[in-house]
Amino acid sequence: MKKLVIAIDGPAGAGKSSVAKVLAKRLSYTYLDTGAMYRAITYEALRRGVSDEAAVTAMAETLTMDIFPKTDTMHVTVDGEDITDKLRGTDVSQHVSKIASMAGVRAVMVKLQREKALKGGIVLDGRDIGTVVLPQADVKIFLTASVKNRALRRFHEMKDNSESISLEDIEKNIQERDWQDSHRSVSPLKQAKDAILIDNSDMTLEGTADAIIEICKLTCDESN
Ligand code: CDP
Ligand code: CDP
């Protein structure tokens, strides 16, 4: 099968990264978690105490971010330090949408993401992959699920990680991020016109991956 570029966009907790990991494993592709990149910038901004747009952009332009796809998760290093396990905490989740709305920060991240996708054989997940980062992607999926479902999924995940946060608070964070992500002026979260919508509220992870693999096969057949 041709080495495709697969773009998966959608709101928080829709299953993008879990599905993307399954796809990458089954197709022997690279997985690029673009949300982790925005989370890494947010973590660094919080750690360094920078918050205004000019300062955060200058920081993003000067730090060295490296991305290492591994089997368990995608590892992110900033200036050589692996900060992967710091990226999913509540503090980062609460600030990430604001940082991700900064045009200068996005320009730096998008450049890196396009470089990584050049060779194909890659699954990227995020909010603007099909619309802005790689509008020519071979397969574009807009993955979603109900807010209740997405919050519950995150709740189970965080309970497993022993972080104490209520289901109500998770649902609130998800709704706030969805609103901010889809109402910002730069690269808002929205379904690309040619993306295929999948609501996986009542689908398993494997079932969702199966559906996307079928779409990939059809895409390859069409291009032959
Ligand atoms: O995993 P979850 O859906 O909770 O979030 P994520 O994919 O880790 O992304 C965290 C945040 O980064 C999102 O809420 C967006 O504000 C931002 N983001 C973005 O703006 N553009 C992307 N391509 C990916 C993430
Ligand atoms: O990346 P995104 O924020 O879109 O979602 P995720 O982190 O991949 O998925 C959130 C949680 O939902 C994970 O624990 C997945 O295992 C779970 N999930 C599920 O239970 N059923 C699905 N069809 C998709 C995801």
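A polar contact is a pair of N or O atoms within 3.5 Å. The structure described here is a predicted model, and the distances below come from its atoms.

**Ligand 2**

An oxygen atom of ligand 2 lies 2.9 Å from a polar backbone atom of Gly15, which is within the 3.5 Å cut-off for a polar contact. Another backbone contact involves Ala14, where a polar atom is 3.1 Å from an oxygen atom of ligand 2. Met203 also takes part through its backbone: a polar atom there is 2.8 Å from a nitrogen atom of ligand 2. On its own, ligand 2 has 540 Å² of accessible area, and the protein covers 81% of that.

Ligand 2 is surrounded by 17 residues, of which Gly13, Lys16, Ser18, Arg154 and Met203 are the closest. Three helices each supply at least two residues of this shell: H1, H7 (147–160) and H9 (205–223).

**Ligand 1**

The shell around ligand 1 has 19 residues, and those that come nearest are Arg39, Arg106, Arg154, Arg177 and Asp181.

| Side chain | Distance to an oxygen atom of ligand 1 |
|---|---|
| Lys16 | 3.4 Å |
| Arg106 | 2.8 Å |
| Arg154 | 2.7 Å |

The protein covers 99% of the 530 Å² of accessible area that ligand 1 has on its own. Helices H2 (34–48), H4 (90–100) and H8 (167–183) are the elements that give two or more residues to the shell of ligand 1. Of these, H2 gives the most, with 4 residues.

**Lys16**

Lys16 belongs to helix H1, which runs over residues 16–27. Which side chain of opposite charge is nearest to Lys16? It is that of Asp125, 4.9 Å away. A salt bridge needs a side-chain nitrogen of Lys or Arg within 4 Å of a carboxyl oxygen of Asp or Glu, so Lys16, although buried, has no salt bridge. The side chain of Lys16 does reach the backbone oxygen of Gly10, at 3.2 Å. Beyond its neighbours within four places in sequence, Lys16 is in contact with residues including Ile8, Asp9, Pro11, Gly126, Arg127 and Leu143.

**Salt bridges**

Side chains of opposite charge can pair when their charged atoms come close. In the whole structure, 17 salt bridges are found.

One of them joins the side chains of Arg26 and Glu206, with an N to O distance of 3.1 Å. Arg26 is in helix H1 and Glu206 in helix H9, so this pair ties together parts that are 180 residues apart in sequence. Arg26 is partly exposed, at 41% relative accessible area, and Glu206 is partly exposed as well, at 42%.

Arg106, listed in the table for its contact with ligand 1, also forms a salt bridge with Asp128 at 2.9 Å, N to O. Asp128 sits in the loop between strand S6 (122–126) and helix H6 (129–133), while Arg106 is in helix H5 (residues 103–117), 22 residues apart. Asp128 and Arg106 are both buried.

Glu171 and Lys148 meet in a salt bridge at 3.2 Å, N to O. Glu171 is in helix H8 and Lys148 in helix H7, 23 residues apart. Elsewhere, Glu44, Arg47, Arg48, Asp79 and Glu81 are joined into one network by salt bridges that share partners.

Definitions and conventions:
Residues are numbered from 1 along each chain as its sequence is written. Chains are lettered from A and ligands numbered from 1 in the order in which they are written. This is a predicted model: local features need pLDDT of at least 70, side-chain atom pairs count only at pLDDT 80 or more; totals for chains, interfaces and linings use all residues. Side-chain values use heavy atoms; hydrogens and water are left out. Buried means under 20% relative accessible area, exposed over 50%, partly exposed in between (1.4 Å probe, protein chains only). Lys and Arg count as positive and Asp and Glu as negative; His and the chain ends are not counted. A polar contact is a pair of N or O atoms within 3.5 Å; within protein, one must be able to donate a hydrogen and the other to accept it, and residues adjacent in sequence count only if both atoms are side-chain atoms. Contact means heavy atoms within 4.5 Å. A residue is near a molecule or strand if one of its heavy atoms lies within 4 Å of it. Accessible areas come from the Shrake-Rupley method with a 1.4 Å probe; for residues, only the protein chains shown count as cover.
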